[in-house]
Amino acid sequence: MILDHFKKAAEQLATARANRTTCGRISDQYGIHTMDDAYRVQEINTELALKNGRRIVGRKIGLTSKVVQEQLGVDQPDFGMLYADMEVGDGEAIDSSRLVQPKVEGEIAFVLKRDLPTEDTSLAELISSIDYVLPALEVVDTVIDKWDFTLADTIADNASSGLYVLGKTPITLESLNLELEGMLLYKNGELASMGVGAACLGNPLNACLWLARTMSQKGRPLLCGDVLLSGALGPMVNVAKGDKISMKLTRLGEVSCEFI
């Protein structure tokens with residue numbers, strides 16, 4: 001039997017998300033403080049989403065910056081679900097009314113060609129299971145008022161997942177040095193964020209390996225065709241209606257979107 005405070009926390013987050021409104025910290029209101037408790041709340045809303053017909057097509061990884069981890073007092077990233085209805089086409093317009101308090105991050109996305117079911121997935125197994133790589137924009141979004149949240153709050157809120165945009169030119173891993181992959185993110189034509197693959201746990205593949213092992217432990221292993229958003233390569237950028245975002249990676253190409 002799920003304890004009442006977990007269900008109430010999940011309901012508050014789900015209601016705020018559905019109504020595109022904000023709410024206070026569920027960590028304070030319902031005593032959700034540990035990562036395990038927060039993932040329990042997230043799982044309640046994952047099950048609800050699946051029951052309502054949404055379909056999981058991948059995962060997002062957050063907290064891949066060592067500096068941010070130290071600030072929050074944790075030693076690992078976090079994860080959230082990606083649903084089919086969260087995908088936006090490259091160059092397409094995003095209806096801002098779908099979002100609450102959006103920000104954008106430049107990332108590298110990985111798409112799998114086989115399942116990764118084991119808790120001890122090796123790096124070699126991961127690499128051999130990656131079909132191709134794409135440039136990606138993650139539209140992060142939280143219902144916690146003014147982004148004033150704890151680690152538990154963001155995990156419970158599906159790791160602050162909003163939407164995501166994938167580039168359209170798949171590239172295989174051969175000859176790529178992902179830790180040296182540079183990122184430039186532009187907002188309305190002006191450089192707004194920059195970074196490099198090494199900012200993502202030293203290499204985005206490290207983040208994906210952590211995710212593969214963790215998702216198997218959690219009973220939701222990564223599957224063929226899943227999209228993995230591997231984490232921000234540079235600082236988040238605030239966005240609002242009317243903004244145009246574009247990102248360039250050194251060898252992986254470009255991706256863009258517009259908020260209307």
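Let me start with Asp 78, which, once its neighbours within four places in sequence are set aside, is in contact with Tyr 39, Lys 60, Ile 61, Gly 62, Leu 63, Thr 154, Ile 155, Ala 159 and Trp 210. Please keep in mind that what we are looking at is a predicted model. Asp 78 is found in strand S2, and with a relative accessibility of 2% it counts as buried. For a sense of distance, Asp 78 and Val 196 are separated by 118 residues in sequence and, C-alpha to C-alpha, by 20 Å in space.

From there I move to the aromatic residues, where the structure holds two aromatic pairs. In one of them, the ring centres of Tyr 39 and Phe 79 are 4.4 Å apart and the planes meet at 15°, so this pair is stacked. Tyr 39 belongs to helix H3, residues 35–51, while Phe 79 belongs to strand S2, residues 78–83, so the pair ties together parts that lie 40 residues apart in sequence. Both partners are shielded: Tyr 39 is buried at a relative accessible area of 10%, and Phe 79 is buried at 3%.

The other pair is formed by Trp 147 and Phe 149, and it is tilted, with 5.6 Å from centre to centre and 45° between the planes. Here Trp 147 is buried, at a relative accessible area of 19%, whereas Phe 149 is partly exposed, at 24%; the cut-off for buried is under 20%, so these two residues fall on either side of it.

What the side chain of Lys 103 does make is a polar contact with the side chain of Asn 238, at 2.4 Å. Lys 103 is placed in strand S5, residues 103–112, and, leaving aside neighbours within four places in sequence, Lys 103 is in contact with Glu 138, Val 139, Val 140, Trp 147, Met 236, Val 237, Asn 238 and Val 239.

Notes. Residues numbered from 1 in each chain as written. Predicted model: local features only at pLDDT ≥ 70, side-chain atom pairs only at ≥ 80, totals over all residues. Heavy atoms only, no water. Helix = DSSP H or I, 4+ residues; strand = E, 2+ residues; numbered from the N terminus. Polar contact = N/O pair within 3.5 Å; in protein donor to acceptor, adjacent residues only side chain to side chain. Contact = heavy atoms within 4.5 Å. Phe/Tyr/Trp six-rings, centres within 6.5 Å; stacked < 30°, edge-to-face > 60°. Buried < 20%, exposed > 50% of the residue type's maximum accessible area, 1.4 Å probe, protein only.
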